[in-house]
Amino acid sequence: GFLKPAVELLQSRGGLFISDEVQPGFGRTGQGMWGFSRHGVTPDVVTMGKPMGNGFPMSGLAAREELLAVLNADVGYFNTFGGSPVAVAAGTAVLDVIAEEDLMANAERQGEYFKRQLQDIQARFEEVSDVRGAGLFLGLDLCDPTRDGAPDAQRTTALINDLKRNGVLI
């Protein structure tokens, strides 16, 4: 519930809210196509990346029309890579699979299961201070219980590296 009032305050003072949807986008939260939609906010700019092509290198950006009009007036035509029919086919195929295989609902189901398993670990280990998130976009906080629950960067790094050595990327 913290995001909506923060975005409203930011935008009321002329700031831009940029939603990076590389991780939570494309249905990974299980509760809509975009992570920001769970919070009832409207971004000024949305960035998208790797999930768009399921391995095919592509990215995207969406922005409010008036922001793009300013860019166009100042810069005119701009692109790094103009895209291609292959990129369009890859992106369209990804969207088709998300819909046809009901991947958003699957992300919600699998995420609920995974979150329960992480909460079971949290109940057994005081070093796990928090489990949060939605769908397959989850977070786990590790702390040092001997330091009043302060974040434990060393423990976190060790866990990440152990997982990586065992073929799990997070």
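Student: Is serine 19 buried or exposed?

Tutor: A residue is called buried under 20% relative accessible area, exposed over 50% and partly exposed in between, with a 1.4 Å probe and protein chains only. Serine 19 has a relative accessible area of 6%, so serine 19 is buried. This is a predicted model, in which local features need pLDDT of at least 70 and side-chain atom pairs count only at pLDDT 80 or more, whereas totals for chains, interfaces and linings use all residues. Residues are numbered from 1 along each chain as its sequence is written, and side-chain values use heavy atoms, with hydrogens and water left out.

Student: Which residues does serine 19 touch, not counting those up to four places away in sequence?

Tutor: A contact means heavy atoms within 4.5 Å. With residues up to four places away in sequence set aside, serine 19 touches Phe36, Pro43, Val45, Val46 and Thr47.

Student: Where does serine 19 lie among the elements?

Tutor: Helices (H or I, at least four residues) and strands (E, at least two) are DSSP runs, numbered from the N terminus. Serine 19 belongs to strand 1, which covers residues 18-20. The protein chain has five helices and six strands, and from the N terminus on their order is α-β-β-β-α-α-α-β-β-β-α.

Student: What share of the 170 residues in the protein chain is buried?

Tutor: By the cut-off already given, buried residues make up 25% of the 170 residues. As for extent, the C-alpha atoms of the protein chain fill a box of roughly 55 × 40 × 30 Å, taken along the principal axes.
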